[in-house]
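Please read the following account beside the sequence and the coordinates, which are shown here.

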Amino acid sequence: MSDALAANRPVHDAANVDTEQYLTFQLAEQEYGIDILRVQEIKGWDKPTRIPRSPPHVLGVINLRGAVVPVIDLRTRFGLEPPVYGTTTVVIVVRVQSEERELTAGIVVDAVCEVCNVTQQELHPPPDVAGGLDQDFVKGLAMVDERMLILLRVDRLINASVLEGAAAQAA
Amino acid sequence: MTIDLTQFHESFYEESFEAIASMEDALLQLRIGMPDPATVNTIFRVAHSIKGGAATFGFNEITSFTHTLETLLDELRAQRMQVSQQISDLLLKSVDVLRDMLRAQQYGKPADAQAVVDLQFDLELVVAQKGPAPSAVLPRWRIEFRPFLQLLSRGNDPLRMFCELAELGDLAVTSDVSAIPPLAEMDPENCYIHWTLELQTAAPREAIAQAFDWAEGDCELSIEPLEPVSVSVATNVVPPALQAAPAPVAAESAATVVAIESAAPPAAPHPVEQAVKSAGAAGGYSSSIRVSIEKIDELMNNVGELVITQSMLSQIGNAFHGPQGERLRAGLMQLERSVRELQESVMRVRMVPISFVFSRFPRMVRDLSQRLGKSVELKMTGGETEFDKTVLEKIGDPLVHLVRNGIDHGIETRQVRLARGKPETGTLHLHAYHRGGNITVEVSEDGAGLKREKILAKAKSKNLVAPDVELTDAQVNELIFLPGFSTADQATDVSGRGVGMDVVRRNIEELGGTVEIRSEEGKGSRFIINLPLTLAIVDGQIISVDGERYIVPLTAIVESQQLRPGMIQPVVGHGEVLSFRGEYLPVLRLPEVFGCGAGARDNSGLVMVVEGDGRRVGICVDELMEQQQVVVKALETNYQRVDGVAGATILGDGSVALILDIAGLSRRPVDRVAA
């Protein structure tokens, strides 16, 4: 870790309004971050119950202490190579705002990493990359400890993933 | 210190709406021309408490309106006026207006001021025009009541007698206390007081004497008529200055009450307690509390989790051996019992008597029959039958449709009924009762019944039925549930537009219920609605198909059979049929229907014949597992509705299983053919 960054840290930790905390996770060699305020809990991977005629990225539903919660596979959602579910595979349970209600959903990722502070200055708008990630889901890029983080708009991501199922079904 | 009153608004509205509902109930019990002081009193009290509440919060329009209403009610209460059809209508209208005003206030919208003013004027006019009603020159009676000393020890209570008299009319009491001895010589069980009462009433002398029946032999009694005092009519006919008139009336009645109470003998046993008792009985206090449905749902969820955890522990407990294991299992058994009881108790909390839904019908039937010029008597039985709240909320609309149809299409006009040799007044009967694990609600009337030929002709003209098909009576009756079907010659604003019966059926089926018709032409129709006790719990059969477990509601299962070669026959293309007891049924293979992994078709398992929406289908099943009561969870909460799936549940091992929507699934193949 460079001295400059280390010196910077305490400034971020202070109640700086520009600082946001992100939970970062690993997905196919790349690190992503989501707003930590959206994260409800992290669960170990367990095979979900399949839902009829769901889009491929909706793996099914799981029991979250009595609630029935859909699980979305991010690798499939982002069109990455198919997932291999191993010991580090976890489900991050997020609670997001949808148009008229609050949704709880799980997202399957390869592994969780850490909690990062990102300031407004460190946040860069997403570049126009042809193909790959849906621009709509990316809030920005950030360099933290010389690693690049892709920060996701988790509300949009979950809403689109769950609602897309409806579109697929109606068709 | 200032208190923010707005925090109490919500409960004021809630209580007022409830109060208005009970007012409406009481109003409907009033019979024209029959004095019923108890009922009028109930109505008066309700109006009064709304007025009080509204005044506290500064809702001036409501206060002013209820005040006018109160004036009329007070006249009725004091029997200075009789309940006429006009007054009964006015009072019912007032209930509507009051409800609108409250609603407008609640949502901060302006009320229909004109309607309020008009009605208020009408109410005042009625009071002003009471004129030389028979009550204006009621005979007055002078009652001399001289009890003997032992009156009280014989169990008589002068206060109660006077209260009884006060119900007959205006009562003024004066007491003569001259005979009371000095305190030292006084026997507290003796009655030393004499009373002179003046009563103005329409009641005959016998009715007055009746109040003293029990004191016979314990008193001297004389009841004599006084010269009738004619009430000066002239002063009353002048329309009162809007707010001034009621005041003296109220004061007068208050004075009467005070007079009675102050005249109560000192030895009268516990007058306070008595007052409390009568107030309690009349006010309908019950030891209940108001709890929001969310809290109960939360409780339900927690209990549901507890049930799952408990069955998880039971499974683990079975793996332990030795004496420790024995004790563990005994403890777990006890836990299971307690959890089950807890679950049942919580379920009962959600149960509400169907009278909550029934209560809207007296008014509706009254208004409708008046509008249509028919004479209808409404009978309601089984109002105490309890439903789950969620079921109750959704059964209201279908019932309203059925009742409306029954009056509009079913029951004939007076002339027609008389011509057909039926009693002039038609009867509409709402009946609720438990049957097995279900609840049945019947709506029946003794009207015209369904006209088979007319329905059939209509169906054929609309191409709903092929012209040369022979249908049974039951099949013909089923036709009225088709969308867009109406045989009414003319669409009225009540019914006949052909929307309704299909919605009724759909609503009931969404609740997991069924509806059937029994009808006889000329004698009437009966709609029988079968509903599950609750939506929250389903008795299910767990089945395993292609490695997934599903729940089939037990009520939908007709039977299950081991598949034998030849039972399933391929038909044109990709379809398959099952030959089942002489019928050919469509076959569903869940992996194909649900689009999750279509393996080779395997005819080695079982076939389960299920029925939904009146259609039977066979479902191929790998294995039948246990039967279990499952708690239904909506998939929509975090996901969305899925065709063919009624919901999800959590099994004993903590995994999620989907509950099949048999009605939806049995519809699918037909849809596919149509498409």
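Is Arg53(A) buried, partly exposed or exposed, and how many other C-beta atoms lie within 10 Å? Arg53(A) is partly exposed, because 17 other C-beta atoms lie within 10 Å, where buried stands for 20 or more such atoms, exposed for 12 or fewer and partly exposed for what lies in between, with C-beta atoms placed from the backbone. The model is a predicted one, in which local features need pLDDT of at least 70 and side-chain atom pairs count only at pLDDT 80 or more, while totals for chains, interfaces and linings use all residues. Residues are numbered from 1 along each chain as its sequence is written, and chains are lettered from A and ligands numbered from 1 in the order in which they are written.

Arg53(A) sits in the loop between strands E3 (39-44) and E4 of chain A, and its phi is positive, about 50°, although it is not a glycine; helices (H or I, at least four residues) and strands (E, at least two) are DSSP runs numbered from the N terminus. Asp145(A), also not a glycine, has a positive phi of about 50° and lies in the loop between E10 (138-144) and E11 (147-152) of chain A. Asp145(A) is exposed, since 11 other C-beta atoms are within 10 Å.

Turning to chain B, helix H2 (residues 37-57) has 21 residues and spans 30 Å from first to last C-alpha, close to the 30 Å expected at 1.5 Å times one less than the number of residues. Its buried residues include Phe44(B) and Ile50(B), and H2(B) is followed by Gly58(B), whose phi is positive, near 75°.
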